[in-house]
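Trainee: I would like to go through this model with you, starting with its strands and then moving to single residues.

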Amino acid sequence: MLPPVPSPAEYGITPEYGFLSPELPLEILPDPYYAKWEKIVQNLQALILSKGLRPMVERLPILSTSHLKSDAEWRRAYVVLVFILHGYVWSGNYPEERIPPQLTVPLFEVCERLEVPPVATYAGVCLWNYKPIFPDEPVNTLDNLACLQTFTGSLDEQWFYLVSVAIEARGGPSIPLMLQAITAARTGDSQTVTDCLQRLAETIDETNTLLQRMYDNCDPYVFYNRIRPYLAGSKNMSDAGLPNGLLYDDGHNPEYRQYGGGSNAQSSLIQFFDIVLGVEHRPTGTTQNDKDKADVKSRNSFIHEMRTYMPGPHRRFLEDVDSISNIRAFVEARRSNSALCMAYDACLAMLRVLRDRHITMVSRYIILQSRAKPNTGRTNLATATSEKKKMRGTGGTALIPFLKQARDETSEPAIDAWARRLLSNPTDKTFASLSKVGEQPDGHLEVVGLCGTWTAEESEGGICHW
């Protein structure tokens with residue numbers, strides 16, 4: 001008997017806006033008990049500028065989480081605490097290694113409830129950190145979105161987060177759509193599967209258009225030097241001043257921990273696209289002809305690594321969808337159905353365009369900016385990666401070129417021979433080239449993700465390891 005098709009509502013996923021919070025994020029915790037937290041986060045930029053954030057946090061009482069009632073309040077508490085956390089760590093001339101109990105104790109409790117790590121994740125800076133300008137209008141357009149929290153107060157930082165929010169909202173309806181396609185494939189309904197795939201291709205194309213709008217209001221210099229350092233985690237951050245990670249002090253058993261920072265690679269939506277289309281990502285250096293498929297799968301830890309930074313319900317939803325995904329096999333068994341095959345290949349083409357545009361954006365926002373050497377007198381991710389040959393991302397992994405393989409893997413399931421040729425050897429300028437991005441004298445490439453990194457070492461595994 002086949003496993004049931006999961007119901008998104010059971011995982012806190014809505015048919016309108018997908019992985020965004022089911023209700024609008026709270027702008028403030030309603031209980032006055034948390035007024036001190038809210039006061040700090042509402043004045044975060046001023047406290048960072050005056051270097052008053054650290055002493056302010058250290059004067060806080062340790063607040064209990066027992067006054068948090070609704071899920072929305074727990075999510076708001078997480079957003080507040082991780083923005084204070086990252087500001088506390090990165091706001092000085094040198095990073096602060098020890099996290100005091102005033103942050104550690106409530107943050108651990110909140111993270112246990114939400115099933116996220118005690119670090120700023122994609123959920124904290126994007127999924128649960130927005131509001132509509134006009135509440136009675138949709139949030140799937142950048143024209144109606146605003147941020148609740150930022151580190152810098154800049155338009156550039158808001159825009160960086162909000163582009164992702166708009167993409168999530170625009171892609172949300174594809175979730176019930178593709179679950180419908182999976183159900184239709186079980187009954188052999190080719191027409192419904194074709195219709196769903198056509199609409200998915202259109203949706204991914206719309207997300208591509210939204211991604212391109214990053215250039216409108218997010219300046220590469222501001223992003224690299226002012227915003228990106230605050231998103232850094234504590235994993236492999238020796239060059240940035242955290243050789244051991246962060247010391248989370250709960251007042252009883254201080255413990256060093258290392259986590260990757262916030263990254264768009266933690267988006268459940270992009271993994272959902274890969275899963276429903278049957279796109280498989282291998283450890284770098286392995287090919288389609290790898291004979292030991294079981295071993296390749298066991299070493300492909302990337303997917304599971306990224307899911308540990310997602311909210312628990314979202315992680316379980318992806319796992320459950322992965323267990324029933326059947327679209328690729330359904331299409332491969334019906335190669336004579338040209339409309340079906342064309343719709344499927346169109347989805348792969350649009351997803352490849354998304355990854356190509358990300359490559360282009362990476363070169364503009366990271367590679368080119370890393371070649372400058374800002375004289376700020378501070379030690380953080382921006383200054384460390386400018387001064388070291390081996391750049392680091394906010395997640396901490398060395399920057400080397402897995403982007404090309406990830407893009408090529410997106411094309412591999414293509415059904416039609418013509419589509420395979422086009423996707424494997426694109427002749428137009430829609431697809432980005434990696435040939436000159438970060439090329440080193442020995443011929444290897446170093447490529448960085450917007451807020452994370454790509455690795456080609458087998459021990460790191462997968463499409464991108466943070």
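**Sheet, patch and a buried serine**

Mentor: Strand E4 (residues 246-248) and E1 pair in the parallel sense, over two bridges. Keep in mind that this is a predicted model.

Trainee: Which residue in E4 is the bridge partner of arginine 98?

Mentor: Strand E1 covers 98-99. Arginine 98 has its bridge partner in E4, and that partner is leucine 247.

Trainee: Which are the edge strands of the sheet?

Mentor: The sheet is open and has three strands, with mixed pairing. Their order is E1-E4-E5. An edge strand here pairs on one side only, and that gives strand E1 and strand E5 (255-257).

Trainee: Is aspartate 322 buried, partly exposed or exposed?

Mentor: Aspartate 322 is in helix H15 (residues 312-324). Along with Glu280, Glu319 and Asp320, Asp322 forms a negative surface patch. Buried means under 20% relative accessible area and exposed means over 50%. The relative accessible area of aspartate 322 is 41%, so the residue is partly exposed.

Trainee: Why does serine 21 count as buried?

Mentor: Serine 21 sits in the segment before helix H1 (35-42). The cut-off for buried is under 20%. Serine 21 counts as buried because its relative accessible area is 5%.

Trainee: What separation do the C-alpha atoms of serine 21 and asparagine 129 have?

Mentor: Along the chain, serine 21 and asparagine 129 are 108 residues apart.

Methods:
Residues numbered from 1 in each chain as written. Predicted model: local features only at pLDDT ≥ 70, side-chain atom pairs only at ≥ 80, totals over all residues. Heavy atoms only, no water. Pairing = 2+ DSSP bridges. Helix = DSSP H or I, 4+ residues; strand = E, 2+ residues; numbered from the N terminus. Patch = residues over 30% accessible without salt bridge, like charges linked within 9 Å, V, L, I, M, F, W, Y side chains within 5 Å. Areas by Shrake-Rupley, 256 points an atom, 1.4 Å probe, with all protein chains shown as cover. Salt bridge = Lys/Arg side-chain N within 4 Å of Asp/Glu carboxyl O. Lys, Arg positive; Asp, Glu negative; His and termini not counted. Charge placed at Lys NZ, Arg CZ, Asp CG, Glu CD. Buried < 20%, exposed > 50% of the residue type's maximum accessible area, 1.4 Å probe, protein only.
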